[in-house]
Amino acid sequence: MQVLSRLFFTLVVLCACCILYFLMCPHLCSSLCWLSCQPREEKEGRLQRSFKTALFEGYISVPDGKPLAQVPCRQCAVVSSSGQMLGSHSGKEIDTKECVLRMNQAPTQGYEEDVGRRSTLRVVSHTSIPLLLRNQSYFFKQSYDTTYIIWGPPRLMRREKIGLVYRMLAKVKEMYPALRLYTLTEQMMAHCDELFQLETGKNRMKSGSFLSTGWFTMVLAMELCEQIFVFGMVSENHCKDRNQPLVPYHYFEKGRLDECQMYQVHEQAARGGHRFITEKAIFSRWAKKRNIIFTHPSWSDG
């Protein structure tokens with residue numbers, strides 16, 4: 001009888017403690033009730049990011065063709081490959097963002113102070129694949145936690161009648177089975193062309209234009225990220241100011257054609273040119289509708 005009485009008393013005390021815990025926890029921010037002490041929006045955001053993985057249908061894996069499964073990011077850093085990054089000291093700020101998007105073969109090693117260390121996703125042009133293969137140890141062995149998104153024309157990326165670039169990607173995947181490797185679908189490539197025509201009134205192919213890797217990166221970022229911080233990208237008016245200091249087109253290729261010269265050559269090309277300046281004017285319009293902030297340099301500074 002005494003044993004039953006003690007057991008009953010223990011259960012009563014435990015129930016009372018549980019009730020007291022739930023009543024007091026929101027008001028006493030101890031380590032035991034950490035989640036309850038978070039602001040409501042932050043708590044919901046953490047729970048959402050912890051448990052909800054979204055499927056991005058426009059990006060499919062090599063070789064099995066499954067859509068990209070990725071937890072959406074609250075804050076993203078889109079890091080330009082521009083020489084504007086040199087001396088920016090943005091590395092620590094970039095690495096604080098939940099997701100970091102980089103482009104093509106732009107390295108972090110040796111430039112950490114300016115561009116940071118982390119790479120969540122890397123958007124790569126089909127023309128840059130050989131450049132990544134030259135440094136496989138850096139890109140595919142050390143960057144095992146990076147997701148690679150490859151874009152290119154359908155004739156080179158086809159899976160049925162295997163295109164040249166897709167064949168190359170399939171071999172890379174065989175060499176590095178753990179590599180997270182994706183390509184844009186033909187539908188997503190067409191969608192990006194339609195966006196260009198919607199914004200410019202021009203058919204991309206008829207106008208002789210090639211979309212840049214920056215374009216595909218921004219489109220992905222707007223799907224993936226709630227807030228986008230763009231580092232090292234200049235505005236469409238930047239190169240009109242002749243007093244701007246010269247910077248290399250890529251921060252890791254010093255001594256090459258400077259950025260503004262490259263932009264102007266491509267903008268004026270009759271065929272086969274990236275419309276860098278036009279794209280930046282479009283990004284500026286997107287920033288007025290979406291949560292996009294341009295920094296280092298700030299676009300408010302021109």
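Student: Is Q70 buried or exposed?
Tutor: This is a predicted model, where local features need pLDDT of at least 70, side-chain atom pairs count only at pLDDT 80 or more, and totals for chains, interfaces and linings use all residues. Residues are numbered from 1 along each chain as its sequence is written, and side-chain values use heavy atoms, with hydrogens and water left out. The relative accessible area of Q70 is 13%, and buried means under 20%, exposed over 50% and partly exposed in between, with a 1.4 Å probe and protein chains only. Q70 is therefore buried.

Student: Nice! Which residues does Q70 touch, not counting residues up to four places away in sequence?
Tutor: Contact means heavy atoms within 4.5 Å. With that sequence limit, Q70 touches T53, A54, F56, C99, T120, T147, R180 and L224.

Student: Where is the place of T108?
Tutor: T108 has 8% relative accessibility, so T108 counts as buried. Its place is in the loop between strand 4 (99-103) and helix 4 (112-115).

Student: How are helix 11 and helix 12 oriented to each other?
Tutor: Their axes, lines fitted to C-alpha atoms over the stretch in contact, come within 7 Å and cross at roughly 95 degrees. Angles run from 0 to 180 degrees between N-to-C directions; under 35 degrees counts as roughly parallel, over 145 as roughly antiparallel, 65 to 115 as roughly perpendicular and the rest as oblique. Helix 11 and helix 12 are therefore roughly perpendicular.

Student: And which residues of helix 12 make the contact?
Tutor: From helix 11, the contact is made by M262, Y263, Q264, H266 and E267. Helix 12 contributes F276, I277, T278 and K280.

Conventions
Helices (H or I, at least four residues) and strands (E, at least two) are DSSP runs, numbered from the N terminus.
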